[in-house]
Amino acid sequence: MGIWSRLVGAASSDVPAELVVVVDRESVSMGDDARTHRRELRVPAGSLVSDVVERSSPDVRAQGWSWVAVVDGTVVAVWSVDHGVALLVPDGPLTAPDPSGVVQVRFRYLGQLDPAWLHARLAEGAPLDRDALDAEYAPTARAVLERERREREASTTVRLLGPTSVRALERLGAVIDLHSDELCRFDVGGVAWHVELRDTMTVVFGRGHRSPLASLRPVGLAERWVLAALAVDRRVADGLDPLPDAPVRARAEPVDLMVAGRARAVEGSSGAAVAQLADAGDVGPLDLVLGRDLDEVVALFGLAGPGA
């Protein structure tokens, strides 16, 4: 039985006056699993496929996110906030596969694949294989993201890290490739580093690791910790003790190595300053910068002059 004959049938006396549409969707995150997404709609018999898909569309609505509508096991459309319903079958009256009048509509989450690109690939006959489609789209996604980042860098004079931080980074050998109000990307000795503002946290990637080294709040703490972490790496490479001989003024409390698999350090009971660290060895630099301002950290590691 073909797609069209399966979805659309000729009117007959046993066709119910209305259809019961049982709608479900995939979760978009671990927290999203905490509640069911299953619900029911009742629609008049003869309602168009496009109308039913739109009426049952997911409650999670973000630009650039793609959903694929599967009706009774048949892929029928790509749905997105950007473009609404983009059918993969001819539009027409939706009918139930049996006299019960029940239709199953499931939305599969395809993440941040461009909806127009996804629709084109599925229309060309590509299988609905999330991993394969992700891998195919990855080069395009990287190019789009890079273009957006460059455009943002050019459109604002605000920078995530201040000039004092930038000068100190450069004295540590950093070559800055991109710097906007939400991202600073640089390399040190050919090793890529990436400091990015995400909501209230500043996330740091580096040392060749794919996962974050740290997630810190506020930005000022992230600035100081990045400088300290890089300076400690330099000291170790030069055969020096990792940390300079200086008193700890505000040791982070508590440090719990079992929070989400990362060390977590909170300054004070209010939690206003937070650092989640992937390596317990990075807690030392954190302790050293707590209670010190940026100029003090720069001086502490000898980063204030051209000979650093």
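1. Asp-199 is exposed, with a relative accessible area of 73%. In this predicted model, Asp-199 sits in the loop that links strand E9 (191-198) to strand E10 (201-205). Although Asp-199 is not a glycine, its phi is positive, at about 60 degrees. Such a value deserves a remark because most residues other than glycine have a negative phi.

2. Arg-207 belongs to the loop between E10 and E11, and its phi is positive, about 60 degrees, although it is not a glycine. With a relative accessible area of 26%, Arg-207 is partly exposed, since the partly exposed class runs between the 20% limit for buried and the 50% limit for exposed.

3. Which two residues are joined by a cis peptide bond? The bond lies between Arg-217 and Pro-218, where omega is about 0 degrees. Pro-218 is placed in the loop between strand E11 (214-217) and H6.

4. The packing of two helices may be examined next. Helix H5 (residues 163-171) and helix H6 (residues 219-237) have axes that come within 10 Å and cross at roughly 10 degrees. H5 is therefore roughly parallel to H6, because angles under 35 degrees are placed in that class. On the H5 side the contact is made by Ser-165, Ala-168, Leu-169 and Arg-171, and on the H6 side by Glu-223, Val-226, Leu-227, Leu-230 and Arg-234. By type, the residues of this contact comprise 5 nonpolar, 1 polar and 3 charged.

5. The largest pocket holds about 960 Å³ of space. Its lining consists of 22 residues, and those nearest the centre are Gln-112, Ala-141, Arg-142, Leu-145 and Arg-149. Which helix gives the largest share of this lining? Helix H4 (residues 130-155) does, with 10 residues.

6. Asp-134 and Leu-113 are separated by 21 residues in sequence, while their C-alpha atoms are 7.1 Å apart in space.

7. Finally, the chain as a whole may be considered. Its secondary structure consists of 8 helices and 14 strands. The chain has 308 residues, of which 41% count as buried. Of the contacts between residues at least 6 apart in sequence, 54% join residues at least 24 apart.

Note on methods:
Residues numbered from 1 in each chain as written. Predicted model: local features only at pLDDT ≥ 70, side-chain atom pairs only at ≥ 80, totals over all residues. Heavy atoms only, no water. 1 Å grid on protein atoms, 1.4 Å probe; cavity = no way out; pocket = protein on both sides within 12 Å on 5 of 7 lines; lining within 4 Å. Points joined across faces, edges and corners; volume = space filled by probe spheres on them. Helix = DSSP H or I, 4+ residues; strand = E, 2+ residues; numbered from the N terminus. Axes fitted to C-alpha atoms, helices over the stretch in contact; angles between N-to-C directions. Parallel < 35°, antiparallel > 145°, perpendicular 65-115°, else oblique. Contact = heavy atoms within 4.5 Å. Nonpolar A, V, L, I, M, F, W, Y, C, P; charged D, E, K, R; others polar. Buried < 20%, exposed > 50% of the residue type's maximum accessible area, 1.4 Å probe, protein only.
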